[in-house]
Amino acid sequence: MSRPDPAGESDEAIVLKAIGGDDTAFHELVLRRQAWLRSLLRRLANDATLADDLCQEALLKAWRRIGALEDHRAFNPWLRRIAVRIWIDWARSKRLDHNDVDPDAIEGAPAAGGVQTADCRLDLQTA
């Protein structure tokens, strides 16, 4: 017996199913959020390959912890915090200056054009 395709369902319904352990629903969330998450991490890391690796790590961590998400409406900020914390951990391991970034202060919208360092982008986004 196959499960129904969640592609036509609302984000809220899919998040609720994923919280309940539905891996097909979580897969749909990955499809819907991976471009946004990669964009965020590419701006932070300034390295597309590293950002893709960090994105994968963030999504895996989210899958492992989604059952603990208390408010299904908070999925996006929750996922953003996971991703930013993974980047911060990576930066710390490389002894990069991350200026004690507040994961809640970083917006998910793409940054304006131009080449910037991760610290500069974080300062601008935080401001």
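Biologist: What should I know before reading the numbers?
Modeller: This is a predicted model, in which local features need pLDDT of at least 70, side-chain atom pairs count only at pLDDT 80 or more, and totals for chains, interfaces and linings use all residues. Residues are numbered from 1 along each chain as its sequence is written, and side-chain values use heavy atoms, leaving out hydrogens and water.

Biologist: What is the mean pLDDT of the protein?
Modeller: The mean is 81, and 71% of the residues reach 70 or more; pLDDT is the predictor's confidence in each residue, from 0 to 100.

Biologist: What share of the residues is buried?
Modeller: Of the 127 residues, 37% are buried, where buried means under 20% relative accessible area, exposed over 50% and partly exposed in between (1.4 Å probe, protein chains only).

Biologist: At what angle do H3 and H4 pack?
Modeller: Helix H3 (residues 48-65) and helix H4 (residues 75-93) pack at about 130 degrees, with their axes 9 Å apart. Axes are lines fitted to C-alpha atoms, for helices over the stretch in contact, and angles run from 0 to 180 degrees between N-to-C directions. H3 and H4 are therefore oblique to each other; angles under 35 degrees count as roughly parallel, over 145 as roughly antiparallel, 65 to 115 as roughly perpendicular and the rest as oblique.

Biologist: Which residues meet there?
Modeller: On the H3 side they include Leu50, Leu54 and Ala58, and on the H4 side Trp78, Ile82 and Trp90. The residues of this contact between H3 and H4 divide into 12 nonpolar, no polar and three charged. Ala, Val, Leu, Ile, Met, Phe, Trp, Tyr, Cys and Pro count as nonpolar, Asp, Glu, Lys and Arg as charged, and the others, Gly among them, as polar.

Biologist: And H2 against H4, at what angle do they cross?
Modeller: The axes of helix H2 (residues 23-45) and H4 cross at roughly 40 degrees and come within 10 Å, so H2 and H4 are oblique to each other. Their contact involves, among others, Leu37, Leu40 and Leu41 of H2 and Phe75, Ala83 and Trp87 of H4. The residues of the contact of H2 with H4 comprise 12 nonpolar, one polar and two charged.

Biologist: Is Ala83 buried or exposed?
Modeller: Ala83, which lies in helix H4, counts as buried because its relative accessibility is 0%.

Biologist: What does Ala83 touch?
Modeller: Leaving aside residues up to four places away in sequence, Ala83 touches Leu37, Leu40, Leu41 and Ala58.

Biologist: What about Asn46; where is it found?
Modeller: Asn46 is in the loop between H2 and H3 and is partly exposed, with a relative accessible area of 47%. Its phi is near 55 degrees, a positive value in a residue other than glycine. Most residues other than glycine have a negative phi.

Definitions and conventions. Helix = DSSP H or I, 4+ residues; strand = E, 2+ residues; numbered from the N terminus. Contact = heavy atoms within 4.5 Å.
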